[in-house]
Amino acid sequence: MERNVNGTTIKIVRGDITRYETDAIVNAANSSLLGGGGVDGAIHRAGGPEILEACRRIRDRQGGCDTGDAVVTTAGRLPAQFVVHTVGPVYRGGQHGESEQLKSCYIRSIEEAKKAGAKRIAFPNISTGIYGYPREEAAKIAWDAVTVWIHEQAPNSIETFMEEIAFVCYDEENERLYQTLMKQAEA
Ligand code: AR6
């Protein structure tokens, strides 16, 4: 399912993000940048050791990555060119700034991908696995973050224009939640 928002194609797809063909895929990482389970583990496994080496260099330089921020590395053997590692919030009831941090993951990832030269980006459902963010709330935050961001950019700006933003949902429930949000936006 897809929709055009101010010239950007927003796609909702079901699948494994490591196989998705785009310029930049986003990793739901942790602040150590040294890998983990979930989509992080899958990306490092499929992309090979080059990604971890690049993460270590970033750690040496700036000591990891804060929650809500994003850093870019090579994508190693993956079909994408770049991996954007962003650190989602651990869900602790919703009263600890989690929604702002999650929103920031989406915006900072687009900004860093764009700086690296990407015109297409694919997101997993950040924080909704091991970090425990309720899926419906997380989907709404992601959808709003991306669509509001698109509307806020100057039309046809080369610095910010994205051709494609994809939400790659690993499970059916997330796919359905995003499809509902897209349908509501069309209504
Ligand atoms: N492709 C797309 N989505 C996936 C894939 C995949 N191959 N594998 C899992 N997902 P999670 P988090 C979905 O737990 O909650 C790691 O240890 C999954 O179904 O990967 O942000 C990190 O190092 C879920 O919807 O990330 C951190 O320590 C979504 O990706 C911590 O987990 C996110 O689930 C981050 O936790």
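1. Definition of elements. Helices here are DSSP runs of H or I with at least four residues, strands are DSSP runs of E with at least two, and both are numbered from the N terminus. By that convention, asparagine 156 lies in the loop between α4 (135–152) and β7 (164–169).

2. Basis of the note. The model is predicted: local features need pLDDT of at least 70, side-chain atom pairs count only at pLDDT 80 or more, and totals for chains, interfaces and linings use all residues. Residues are numbered from 1 along each chain as its sequence is written, and side-chain values use heavy atoms, with hydrogens and water left out.

3. Overall fold. The protein chain contains 5 helices and 7 strands, arranged along the sequence as β-β-β-α-α-β-β-α-β-α-β-α. Its radius of gyration is 15 Å, close to the 16 Å that the globule rule gives for 187 residues, so the chain is as compact as a globular protein of that length. The radius is taken over C-alpha atoms, and the rule is 2.2 Å times the number of residues to the power 0.38. Along the principal axes, the C-alpha atoms fill a box of roughly 45 × 40 × 25 Å.

4. Of the 187 residues, 48% count as buried; buried means under 20% relative accessible area, exposed means over 50%, and partly exposed lies in between (1.4 Å probe, protein chains only). Among contacts (heavy atoms within 4.5 Å) between residues at least 6 apart in sequence, 70% join residues at least 24 apart. The chain carries 21 positive and 26 negative side chains, and the centres of the two sets lie 3 Å apart. For this count Lys and Arg are positive and Asp and Glu negative, with His and the chain ends not counted; each charge is placed at NZ of Lys, CZ of Arg, CG of Asp or CD of Glu.

5. Threonine 18. This residue is placed in the loop between β2 (8–14) and β3 (24–29) and counts as buried, at 9% relative accessibility. Its side chain makes a polar contact of 2.8 Å with that of aspartate 16. A polar contact is a pair of N or O atoms within 3.5 Å; within protein, one must be able to donate a hydrogen and the other to accept it, and residues adjacent in sequence count only if both atoms are side-chain atoms. Leaving aside residues up to four places away in sequence, threonine 18 touches Ile25, Ala42, Ile43, Ala46, Leu78 and Pro79.

6. Asparagine 27. Strand β3 holds asparagine 27, which is buried with a relative accessible area of 0%. A polar contact of 2.7 Å links its side chain to that of aspartate 40. Beyond four places in sequence, the residues touched by asparagine 27 include Val39, Ile43, His44 and His85. Alanine 70 is 43 residues away from asparagine 27 in sequence, yet the C-alpha atoms are 9.3 Å apart.

7. Histidine 85. Located in strand β5 (residues 82–87), histidine 85 is buried at 1% relative accessibility. Its side chain and that of threonine 73 form a polar contact of 2.9 Å. Again excluding residues up to four places away in sequence, its contacts include Asn27, Leu33, His44, Cys55, Cys65 and Asp69.

8. Positive phi angles. Most residues other than glycine have a negative phi. Leucine 33, although not a glycine, has a positive phi of about 65°; it is found in the loop between β3 and α1 (38–47) and is buried at 2% relative accessibility. Asparagine 156, also not a glycine, has a positive phi of about 60° and counts as exposed at 73% relative accessibility.

9. Lysine 114. Is this lysine buried or exposed? Lysine 114, in helix α3 (residues 98–116), counts as buried at 15% relative accessibility. Its side chain reaches the backbone oxygen of phenylalanine 161 at 2.4 Å, and a polar atom of that side chain lies 3.3 Å from the backbone oxygen of isoleucine 158. Outside its sequence neighbours up to four places away, lysine 114 touches Ile158, Glu159, Thr160, Phe161 and Met162.

10. Aspartate 144. Helix α4 contains aspartate 144, which is partly exposed with a relative accessible area of 29%. A polar contact of 2.8 Å joins its side chain to that of lysine 140. Threonine 86 is 58 residues from aspartate 144 along the chain, with 18 Å between the C-alpha atoms.
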